[in-house]
Amino acid sequence: MQKEYKTITEISGPLVFAEVDEPVGYDEIVEIETPDGQVRRGQVLETTSDHVAIQVFEGTGGIDRESSVRFLGETMKMKLTEDLLGRVLDGSGQPIDGGPEIEPDKREDIVGEAINPYSREYPAEFIQTGVSAIDGMNTLVRGQKLPIFSSSGQPHNDLALQIARQATVPEEEEAEGESEFAVIFGAMGITQEEANEFMDDFERTGALERSVVFMNLADDPATERTLTPRLALTTAEYLAFEKGYHVLTILTDMTNYCEALREIGAAREEVPGRRGYPGYMYTDLANLYERAGRIEGVEGSITQIPILTMPSDDDTHPIPDLTGYITEGQIYVDRDLNSQGVRPPIYVLPSLSRLMDEGIGEGLTREDHADVSDQLYAAYAEGEDLRDLVNIVGREALSERDNQYLDFADRFESEFVDQGYTTNRAIEETLDIGWDLLSMFPEAELNRIDEDLIEEYYEGGSEEEGETVEASADD
């Protein structure tokens, strides 16, 4: 029998404090009924033998000391069914697309369970996003967590939509009857305008058919923001580990999620950590990010792309800093490239996919992938360094070889990185563009590529050109 209390002692921000006469379970779901009959849901955030702190999902407006509190004796659960694909839900898991109520096959606790390290299979196998700067230079593999580091005003939402729309498993593996591909899209603290943009794109492109979308808007209660990624990941775990899907989970914006943690921590009067964020934020983020992965003997997988906006473009800020420790790399969205009109403005030099080697190579993409990527990185890095030198001495003072690298840096950004948000490039096309760019150098400069691959793919300058460039370098 549910016990009802009218013992609210304090209301602070999104929290309600009440007295109890027996212990209440941590994370237990609570219903609070206001004097005018409205019912709000909440969750036990902190509990002692005689007091509880309740986090209210729908906001505390209208709740007073006369309101009654009922403890339901269970934790927050997500209704799960394969029919969730194609549905749009709010940040607390309720349908907002005008469709029927969810008829679940099962209900699961949203906190989830960590994958047993012994059973965890190493992330591997290629996921094609259709974005050259990711597929060619910072390859995403199944079971990986690869965040996108952006900043305020940047087009990270456009990039997120492009990945959600275009991401696929390799065609040859799909043809063998392996798992289907699904996208879980969790949006936290976004504006109504952004929500409309997301939904228009999902519906226009048909991507919604293989997606489950969770929408928490900026004017929704901040406490709901802490539920949204957990609901999304619980759905992902069900589809991946019970239904055999390869699931790509995109979470945007993790900065809004962390701001909600800070707001709740301030209401609880916790001792703050770095820049006012809770000291447990690392653990909290790890609980979310580590729900990506693969389980040995299980067909499906969960791959995560969390997106965060770095305050003041500062990657030493606690949110990107802690995220970088937990995840396996990062993709940088660059403000300068964006101002130059490069779409998507991915800056490949500080970007990194630590598991890239597991997803590329013969039989998955092409055997020249790793060598081409290394050579493109080296050439672009040298071109970037020379741009700084040009600002001091001018192009006329540079050698012919240096000017070639400067031209390469310009072409790399305009032809390889800049592809727009509607172009979907197969990995073969990406690598062909890479070879075309590298072929502007004499063969002698391609010192990171195997000779057999050069013989097969290279279409560049002659040995005579190579001697000219070497002579210029000696001068």
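Residues are numbered from 1 along each chain as its sequence is written, and side-chain values use heavy atoms, with hydrogens and water left out. In this predicted model, local features need pLDDT of at least 70 and side-chain atom pairs count only at pLDDT 80 or more, while totals for chains, interfaces and linings use all residues.

Reader: How many salt bridges does the structure hold?
Author: Side chains of opposite charge can pair when their charged atoms come close. A salt bridge here is a side-chain nitrogen of Lys or Arg within 4 Å of a carboxyl oxygen of Asp or Glu. The number of salt bridges in the structure is 32.

Reader: Which residue forms a salt bridge with E290?
Author: E290 lies in the loop between helix 8 (281-289) and strand 18 (293-295); helices (H or I, at least four residues) and strands (E, at least two) are DSSP runs, numbered from the N terminus. The closest N and O atoms of the pair are 3.5 Å apart, and the partner is K145.

Reader: Is K145 buried or exposed?
Author: Buried means under 20% relative accessible area, exposed over 50%, and partly exposed in between (1.4 Å probe, protein chains only). K145 has 4% relative accessibility, so K145 counts as buried.

Reader: Where do D201 and R165 lie?
Author: The two residues form a salt bridge, with the closest N and O atoms 2.9 Å apart. The pair ties together parts that are 36 residues apart in sequence, because D201 lies in helix 4 (residues 192-205) and R165 in helix 2 (residues 156-166).
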